[in-house]
Each structure stands twice: as C-alpha cells, then as structure tokens.
Amino acid sequence: MKDSDIRKKFRSYFEDKRHKWYSSLPLIPPADPTMLFTTAGMVQFKRQFLGDVRNDTRAISIQKCLRTSDIDEVGKTARHLTFFEMYGNFSFGDYFKKEVIKWSWEFLTKIVGIDKSKLYVTVYKNDEEAFKIWERIIDKSRIYRFGNEDNFWKMGETGPCGPCSEIIYDRGPAAGCKDKNCQVGCDCDRYVELWNLVFTEYDRADDGTLKDLPRKNIDTGMGLERLNQVAGGLDNVFETETLKPLIEKVKDESDKYRESSARVIVDHARAVTFLIADGVAPSNEGRGYVLRRLIRRALREGRRLGWHGPRLFKYTSLVIDMMGDYYPLLRERANHISLVCKKEEESFLDTLKKSAKILLGYIDELETAAVSGTSKELSGEKAFKLYDTYGMPLEITREILKEKGYGVDEDKFSELMEIRAGESEWRQEDSGNIGKELAGLPETDFTGYGKYKDSAKVIKVLDGGKAIILDHTPFYAESGGQAGDKGKIIGEKGKFKVTDTVLSNGRYIHKGDLNGEITAAEEVKAAVNYSLRKSTERNHTATHILQKVLRKELGQHVRQNGSAVSGDRLRFDFTHPASLTAEELEIIQEDANKIIMSASEVSSQVMSLEEARESGALAFFGDKYGEKVRVITIKDEDQNILSREFCGGTHVKNTGEIGLLKVVSETGIAAGIRRIEAVTGRGAIKYLKRQENIIRSAAESLNSPVSKIEIKINKLKEELKDKDNKINSLENKLLSGTEIDKPENIGNIKFIKKDFGVSGEGIMRSWLDSVSTEDFVCALATGKKENSLTLIMKISKNLTDILNADGMIKKASAIVGGGGGGRKDMARGGGTKVEDLDEAIEKIREILKSKGK
C-alpha cells in the first residue's frame, strides 16, 4: 500500500464517521508565539479542547510536526525523526473511549491490513474502562498496564489531563535488543508505538486531586512514517516511500557510506525544507537557531561521507519533488528554500575552516593534560570563545570532543552565554548586589499607555542610587524591540535622571544618576522625556506599516524577524530571499507614506489570547504572552483593517502623527534575511536636510546650479574616462619601452623581477599579468615612493602546487618592516625599510631554490 493510498484511506475512513477535515498548520503555529514549533496534531485544536467547541465536535488532520527533543537519537534507531507527519482524529465532548478504541483497531487491521497477531496495547494502570473495552477485542495477555510516565497525559501541572492507551506493533525478536526479558515497554526497536489514544477526562486541581471534566475529549496521534514502515513490512522508517529516495541519493554521492550519517542528512533535509518554507531563517536564537543547527549537523555528517562544499540544498529539491503535491507551498518557495539553505551551508563551511584549527589545538592540550590525569573536559571559556569569536556551535564542539573521548563544561558555557545576551547585565555592573536587592519586590504597574507623567511611590533605591523601582510608572521598559524610556524622577530632596528603563521579572528598573536624596516609600513625580517617547512611538507604528506594505508588495512569505525602535531610528528585519530593487524600495516607501498621510486611526485593545488569534492579529515568535494580550489595529477611513498585530509597545493614535517615513538603507544580514532602516517625523526631516546640504555643497564644488548637477557630473565622468584612456595608453608605451632585469633560472623556475620606481600599481599589475602567462614563472614587481616600498608577486598557475605567493610576500614584507598577503598565485605587500629590499629579494630566491627542481 502506497503512502498516498494510506493518506486517502485515513481521511475517507474518518470522514465517513462525520469527522471534519483540517489542513496541516505551518510548523510555526499561527498567532501563538508561546510555542516554538507545531509538535502534534492537537495544537490547532487547543481552543476546542479548552471548551470553545462551536459547530465542530469531530475533526481529523495529517499534521506536519517538528520535535528536537530526541535529535541525538536520529540516525541511531530505526524510528526517530525530527520532522514527521502525524495522523490524528479528535473528539470535543462527542465520542469517547469505546468508539475511538474500536475505530483505531478497525482502521489498522481491516483498512490497512496489519496482522492482528503482531499488535499489543498498553493502558493506564488504573483505567479499568479502557482495559475492559480492549479485552473484548484482544486477548488480555496482550494488554499491558503502565503508570503516569508512560500512560497518563497532562497539559500542565494543573488543568485538563487523562489516561492514554497505545497500540504497539511487534517487529519480532530480530529487531530487538536480544535481552531475554525484552517485552512491551522496552526502549529497543522491537516494539514500535504506532498509535496513541489520549482520553482527556480529568481536571487536576492545585492540590493534585482529579475531578471529572464535564466534557470529555479524545486526542490521538499516529506517526505517518511509522505506519508506512509497519504497513510495508520495512525494517525502518528510512525505507519508506518518502525517505528511501533520499537515502539512495546519499549512497550514490558518498565516498565512504555510513548508514547513521545518511539518516541524519535525510531527516534534517526534510526538516530544513519545511522550516524555510514556513518562514524560518537561520539565526542565533529561537527557531532560527534550530534551523541553523539542523543544517550544520547535516553538513557535518556529510563531511564524514566525503562531502566537500555545499550539498544539502540539492536535497531540499528532492524533498520538494516528493512532497510538493501534499504541500504546494514547497513548490511556491522552492528557489527561496534552496537559496537560504545554500548560503547557510557556505557560511558554516567557512566557519568550520576557521574554528576547526582552534578546536584541534584545544584537543591537543586536552590530550597532554589527560596524560598527566589533570583534565578530560574542555573549559566553558574555550567553548564559548569557539562560539562567540569563531562561530562554532556548542553542539558541534560537543560532538567532536565526544568522538575523542572528552567532554565540555556546559554550565560555564551557559553562564557566559547569559552574560553575552545581557541577561546578567545587572550582575556584571554591581558585583551581584542587584540580584539580591530585587528579591521579594512586587511587580510594577505600567501606566504609560495613557500618560507621560505620573505620581508614584518609591519601592526601593538600588545599588547606591544607580537605579530606582517605583510601585507604578509611566516609563516604558525595553522589550519587544522598543527602547526603554528616558526622563526624570523628582523627589522632595533629590532628582534622578533616568537614562534607561529595563524589565526584570515584572519589575521596571529605572537606571540613571541620582542628584540629592530619594528614599524608599517617598512620593515622587515621574516624567518621561515626552519628545523622545513621541519619536519612538512614530518609529514603532511605522514598523507595523512597513510590515503591511512589505507583505503586500513582496508576498505573504515576508515575516518579521526582529526589530529595534528608538527615538532616532527604526530597524525592521524580515524574511526575503533577495535584495530589494530600487523600484521595489520606492514602491514600499510610497505605499507606507500613503498610509501615513491617510491619517488612519491607530487603536489598542486588550483581549484574550484566543480572541486575538481569531481576530487575525499577526504574532511572531519572540515575546511570551499571557492569557491577556494587547493588539494594535490600524484602520482606514472606511474602517477597513490595514494592520493588526500583537504588540505591547507604545504607538501614535493616528498615522498622520508619523509625518513622513524615509528609508535610509536596505541590506542583507543573513541568508534569506533583509534589513530596512528608516527614519520618521523630525528624524526624516533632519535626514533630508542633511542630504540637501550635501547636494548643495557638491553643486558649489562643481560650480554648478543644483538643478544641473547631474548634467555636470555626467560631463566630468566622460572627461575622466577620456583621461584614463590616455593614461593607460601612455603606461602601455612606457611598459613596452622599458628594460626588465635579466630572468634568473632557479631550477625549473624562471624568476623575473622589475623595479617600477614611482609608477602606479596599475602598470605594475599589467606587467605581472603579461609575464606570468608563461609556465614556471615567478614575477616580482617593486615600487618606491618616498619612504614606502611596494612588493607585488604573481606566479604561473602551474607553480601553485609548490609555491605560495601569499607566504613569500609575507616573509619578504617582514624583512622590509611591513606586512602583506593575498592568494597562492598573487599577493601584495610592502614596508618602510627601503634599504633592506635586496635582503627581501634574497629571501625570495632562497625559497625558490628550496622548491625548484
């Protein structure tokens, strides 16, 4: 039975039983930034499981999922994957245990045709109801009872929960661990969990007691790849229809094949393809870090197989060929997927080249230390240096060390990572005192959405007057990309200048300088820098407008990938595979300014997380959200929604307040990630004024009216071009009429040198190009200007196996008191010790004598 046949049969079977079909969610759960990835079929039905049933009480789906909890097991077992698809059928207060047990058994044994004699089931130890239902279907000797760890599901420490029952397939003794006591529940590959049936029937209270839910739910999950493996009588999931062609491709392209490496590459290729398609881009945090890790792990395994250069991106194309019919988005984004993957591969290969030498040096040190019995662990400081300075991920460092029998101090590494991320900023600044001072303090109430000034009570003065915490504050604390407010806090006997506001576990910390005295419990006046806050608000609302027009002009694949807004500028990072053309930028800027000049209403509303999702508000991973969220909406004059986003920041009340948006730059910051920087309001006016002054100054220098400056510049360019041609002609005549030093034959190498005096480097390079076209030539051009000496060397292509121009120029330049470098075939250097030129040339001769035949 083919993969496509099982998909159709699953859908048909449950649609006949009045289940509504739901398409798969993206791997990034829409409007749910609290989740890193979609990990199960039930994710899109959380609303129904929490009681919002509406019209649908039965549902089915085939959900694409990503889990990295078992990433280290991929390749080692017959069943582990990071990316997989999950069959699921769900009931929201409709049918329960009797029906789901009967249907799951019937689908597996009658529809798919799995041998009943190879099936076992597990139930929760106290679930007598499920045991009795199964006992009517299968012999009780094939029913196993397990406890909370294996057969009881919970959403959290409190709330909905319930027992579960698993259908297990026995692959036979040959697939097992050979232990005579091996049975259902063993971790080996013999007994495969096929289908998990969760019976959500209880509500766990704070004291741990279980109460019956008024509405009982069913949540099931069955791995598509595992079902295909079992249905096809295959040894492992990598022999299934959608994975085997990838394995075969790895075999064909590997110099030294390893099954475990091939499995990692194949699994990660699928995961990478779907992640990029769903808008994830490589980065050093969150989802982007997971993607980066997957690409790099696959590449590392490829190197074990003899791979050189980027290659994983080619496997994404095969994934698209095989799965594009089920997921059309893959075909739509094929070029983007390939581009992002290839660029990340190139980046990592460059990283490995630089960092591998450092790590090998550390391993040598460990081997020396191991002999004396002093250490078998790389220090956290060195692991952090590899990551922070050279870009080597900890996972790769760990894997390489493990192969050599060494470990790494990950606790210290994590500590240094916290400091780097700024999470330990206060700990660094005050030698650990602030952390102790914050203990036990209440959270701060933020009043700054509606006001810029407020009266407040001082909760505590921290670190000898370097920071103050108030009971409530109009100061916005840095979060969500928006900079913290500045301003002043005024007491009866002192004034505190606020230079920044930061957030720590719900406490707003006002950082700055105290002049005079302010004490705990004192009533004070808190005033935000109004002008700066308004500028920040203009920039923040402008980022929402930018996102709207970027998605409109470039496509819905555009997703925010970070932002920074302050009083003087805004920065917006987004996913897009290519740089924007001048025309695209002009349209985006024009459309953004149309929304600004339309003076559209900007409103905020606090609503439940579910209500916000239902409203269509955009949310991207980054901040954690509670049960209540703030949503910013921009509507036009006809009350049409132009933009709606989750956002806890501060904004203007009307887009007209922004005044003007001017894009300053558009650049690439990573594979598939672009960055726009812009200014608004007064910042835009200042920027345009500076540009105007530059143009006016240029016009004066060119002795031309501003209106005719372009004509003047074009005329000058033509004149310069004509003069360049004349100079080139004269240099060629000079070159053809000058003598060169007599060539020296050093073994089979012809050493040619020429001194060009004060001539420019252009003529020196032209000469080198002309004389190095012959085989076995090493040519050296020298030049002198005042106390400066220039050395340029070029060697014939057929000598690059034995000679290195880069190395020779570095050694010669060191003798004349300078430095240099370049490629193997051409390098440039020089120095200030003109009198030592002969010694430098002699050094080159010595090298040539040692290499010549």
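This is a predicted model: local features need pLDDT of at least 70, side-chain atom pairs count only at pLDDT 80 or more; totals for chains, interfaces and linings use all residues.
The buried positions in H7 are Leu246, Ile247 and Val250. Because these residues cover an arc of only 100 degrees around the axis, they lie on the same side of H7.

The loop that joins helix H6 (224-231) to helix H7 (244-253) contains Asn236. This residue has a relative accessible area of 6% and is therefore buried, the cut-off for that class being under 20%. A polar atom of the Asn236 side chain is placed 2.8 Å from the backbone nitrogen of Phe238. When residues up to four places away in sequence are left aside, Asn236 touches Ala78, Arg171, Gln229 and Arg263.

Among the strands, a closed barrel is formed by 6 of them in the order S13-S14-S18-S17-S16-S19, and the pairing is antiparallel. From one strand to the next, the twist averages 45 degrees. One of the pairs within this order joins S17 and S18. Strand S17 spans residues 493-504 and strand S18 spans residues 507-517, and the two are linked in the antiparallel sense over 11 bridges. Within this pair, Ile509 in S18 stands opposite Val502.

The loop between S18 and strand S19 (523-528) holds Ala521. The phi angle of Ala521 is positive, at about 75 degrees, although the residue is not a glycine. Most residues other than glycine have a negative phi. Ala521 has a relative accessibility of 55% and so counts as exposed, since the exposed class begins over 50%.

A positive phi is also found at Arg18, where the value is about 65 degrees, and this residue is likewise not a glycine. Arg18 is located in the loop between helix H1 (3-15) and strand S1 (20-22). With a relative accessible area of 60%, Arg18 is exposed.

A further loop position is Glu786, which is found between strand S29 (777-785) and strand S30 (788-795). The relative accessible area of Glu786 is 82%, and the residue is therefore exposed. Between the C-alpha atoms of Glu786 and Asp411 the separation is 57 Å, and these two residues are 375 residues apart along the chain.

Conventions: Residues are numbered from 1 along each chain as its sequence is written. Side-chain values use heavy atoms; hydrogens and water are left out. Helices (H or I, at least four residues) and strands (E, at least two) are DSSP runs, numbered from the N terminus. Buried means under 20% relative accessible area, exposed over 50%, partly exposed in between (1.4 Å probe, protein chains only). A polar contact is a pair of N or O atoms within 3.5 Å; within protein, one must be able to donate a hydrogen and the other to accept it, and residues adjacent in sequence count only if both atoms are side-chain atoms. Contact means heavy atoms within 4.5 Å. The arc is that of the directions from the helix axis to the C-beta atoms. Two strands pair if DSSP finds at least two bridges between them. Axes are lines fitted to C-alpha atoms, for helices over the stretch in contact, and angles run from 0 to 180 degrees between N-to-C directions.
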